[in-house]
Amino acid sequence: MKAKKIIGACAFAAALRALSPVPACAVTDEDLSQIRQSIKKLEMQHAEDAKRIKELEQRVKVAEAKAQTSQASANATPVVADTQTTASSAPIPAAVSVSGQSGAPASAGAFNPAIGVVLMGTYAHFSHDPDNAPVPGFALGDEARSLATQGFSLGESEVSLSANIDQALYGQVVLSFPREGGANVEEGFIQTTSLPWGLTVKGGRFFSGIGYLNEQHQHAWDFLDAPLPYRAMLNNQLGDDGVQVRWTAPTETFLQFGAESLRGASFPATPTHDGAGAQSVFVRAGGDVNESNSWLASLAYYHADATDLVTGIDSFTGATHLGIAGLVWKWAPNGNSVQRSLKLQSEFFFRRQDGTFDTLAYRGDQTGFYGQAIYQFMPRWSVGARYDQLSANDVGADFAGTTLDNLGHTPHRYSTVLMYDTSEFGRFRLQYNYDDSALQADQGVMLNYTVSLGAHGAHQY
Amino acid sequence: MNKLLIGIALLSALFSTTVPAKAAVNIFACEPEWGSLATEIGGDAVSVYVASTGRQDPHQIQARPSLIARARTADLVFCTGAELEVGWMPVVLRQAANGKIQPGSPGYLEAASVVSMKEIPQHLDRAEGDVHAAGNPHIQTDPRNFLPVADALAARLAEIDPAHAALYKARHDAFVVKWRAAIKKWETEAAPLKGMPIAVQHKSWVYLLDWLGLKDLVALEPKPGVPPSSGYLAEVLAKVKASPVKMTIRAAYEDDRPSQWLKQNAGVPAVELPFTVGGSDRAKDLFALFDETIDHLVKGVRQ
């Protein structure tokens, strides 16, 4: 059957030979796979046709049965029943030959981008008001002033569309739907796929590459909330409009350098007159220690200029310098993470701000870090623990009583999480926080589902 | 900004001196069986890096930094395809930013594209478990599938590296002769297995079963990739008691508990097969892989 079809295709090609100088049946791989694909299509159509025939046969049977009963009861003329059966069986061969002809090019829908939907729903309970959660010593951005929504909420649900644009470009857009209504373009960028020398250029809106967690979407994080340094220094996560250039070295150990020029539309920057209010550079290295252990280390520097950056009731004008160092270590027996695996991850932040806070000259040095471990103890089940901490320098008597007054407090937090995956596409999480970042310790419990529908992008390391 | 760019340029100059010595063609093989095939066809003219091992679940490889680094310098990516690597290869390919190996270019070859695929689903629904739109991707369990793949690989190597085209052709022809003879031998050895009813742990053996004429009466997973519940295992037990099976086969990377459970409760021998090159100490190349697979099956039946 298959052989016949290939021979048919060759015969057709041979007929064309007369018209074209190209040897007709010099079957290349592409040809062969194309032929095989059309065979597959035909076979699938054939299966559909077989199904249709069955349905039709069923209808014939039903019709026959009806005819018989009507014959028996009302003694109708047999001619009616005959025409009925021939009428229902006649179209079958016609249907087969019609759809059999089309080795048809797929519909226009085949070029649609991959569509993925991520749904997150959370029930959260905090012992204190989560909308009033200051961190002494830190002027927080708008997103970071609130912990989460108390009670039930549909969290960061998003829709992503992605596809190769052509042989040189890849494009992706991620829309998220906030509670207040409307839609946010969380990410929307194009990226080169085939520049020479290991170069990649990305342009549009994207999550900056300065931090390991920063580049991941929130639904891919192990914990439901951002670690304290991300919350205090990056307003949870840094996304901005701009251009990113990356270069991967041709070495056996993974080595990548990157630089970004950003509009500065996001905390802690404000857009400047030239529309380039922030820049960053980063370098990453990684590799395998052996079959079971692998690692990724990163170092980044980010600079932002701000004019009247509003943080609640205050405003800041000046420069922000932020350095981030990170290390991720993964272990799985023989590198097979199906049964058991361990992921250790830590990032250290150092930030210096120079400028004016409200009307006062201000220079602040702040640090923060988090360390976390996620252990998968059997397929689908994981537990995790995290500790995060911030510290702000003493900015002096001039700032007493402002948000920058650290009040002698070291903000810190302990978190644990239990995860259960229904499959690769569905996850339930229960997280507990003992949060001593404000002056009054808060206890929070969050129960969450995170599921992905449709196209599911591959995971980053 | 300029200073940064200069800094990057300097650093890149520094690291470019550490580029590994270049063989003619760098091949990045996603799975060990394709790495072995590439060595058979390419010989010394190629340098092969294998991204996963026989003890790893090929569905669950992570896009590790080392893979990105290797893909960066590859001239040819040689994978199964049929969405087997969908969870990690797209990230590796995008991060590596190597124009030579992007899908559609000569440096990208999917074995599944030249093999006639089985179990192509009539409709796609993730409620059916881990199904692949292009069909069951575990094509390497039937040795006959290596013949079209070897043809495609030899042609592709000749295209990428025309200087060694004659070598690739010669090695390909020699491999095909040896391989055909080996298939005959395995088929003779496995003749008693024909029609034998068995159980499988995961539906990854459809090509092997088809080749040897084995019949899988029951799978220990209710749906592909979904681990069995105790209720489902009770169903399996009832089925096995009603129509006995000769053995349960599973891949080396899989958890042995479900098949051991069936062994204890129904006396069905549990047979571990290498599944791919490196799946056991003996399965060091493609020939040894099938030698051992047939060995274990024949012995399993005698148990």
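**Entry 1: helix α2 of chain B**

I began at the end of α2(B), where the helix is followed by Gly43(B), whose phi is positive, near 55°. I note that this is a predicted model, in which local features need pLDDT of at least 70, side-chain atom pairs count only at pLDDT 80 or more, and totals for chains, interfaces and linings use all residues. Side-chain values use heavy atoms, with hydrogens and water left out, residues are numbered from 1 along each chain as its sequence is written, and chains are lettered from A and ligands numbered from 1 in the order in which they are written. Helices (H or I, at least four residues) and strands (E, at least two) are DSSP runs, numbered from the N terminus.

I then looked up the burial of α2(B) and found 10 of its 11 residues buried; buried means under 20% relative accessible area, exposed over 50% and partly exposed in between (1.4 Å probe, protein chains only). Among them are Trp34(B), Leu37(B), Glu33(B) and Glu40(B). I listed the packing partners of these buried residues as β1 (25–29), β2 (46–50), β3, α5, α6 and α10 of chain B, a contact being heavy atoms within 4.5 Å.

**Entry 2: helix α10 of chain B**

I checked the length of α10 (residues 286–302) of chain B. Its 17 residues at 1.5 Å a residue should span 24 Å, and the end C-alpha atoms are 25 Å apart, which agrees; the expected span is 1.5 Å times one less than the number of residues.

At the start of this helix, I found a side-chain oxygen of Asp285(B) within 3.1 Å of the backbone nitrogen of Phe287(B). The buried residues of α10(B) include Phe287(B), Phe290(B), Ile294(B) and Leu297(B), as well as Glu292(B). I traced their packing to α2 (32–42), α5 (146–160), α6 (165–189), α7 (206–212), β7 (248–251) and β8 (270–273) of chain B.

**Entry 3: Asp75(B)**

I located Asp75(B) in the loop between α3 and β3 (76–79) of chain B. Asp75(B) has a relative accessible area of 8%, so I record this residue as buried. Its side chain reaches the backbone nitrogen of Asn26(B) at 2.7 Å. The side chain of Asp75(B) also makes a polar contact with that of Lys100(B) (2.7 Å). A polar contact is a pair of N or O atoms within 3.5 Å; within protein, one must be able to donate a hydrogen and the other to accept it, and residues adjacent in sequence count only if both atoms are side-chain atoms.

**Entry 4: where chain B meets chain A**

I counted 53 residues from chain B and 59 residues from chain A in the contact. The buried area is about 4,600 Å², 57% of it from carbon and sulfur atoms; this is the accessible area (1.4 Å probe) that two parts lose on being put together, summed over both.

On the chain B side, α1 (2–16), α3 (65–72), α4 (89–96) and α5 each supply at least two residues. The largest share, 6 residues, comes from α3(B).

**Entry 5: the chains overall**

I recorded 10 helices and 8 strands for chain B, with 53% of its 303 residues buried. For chain A I recorded 5 helices and 17 strands, with 41% of its 461 residues buried.
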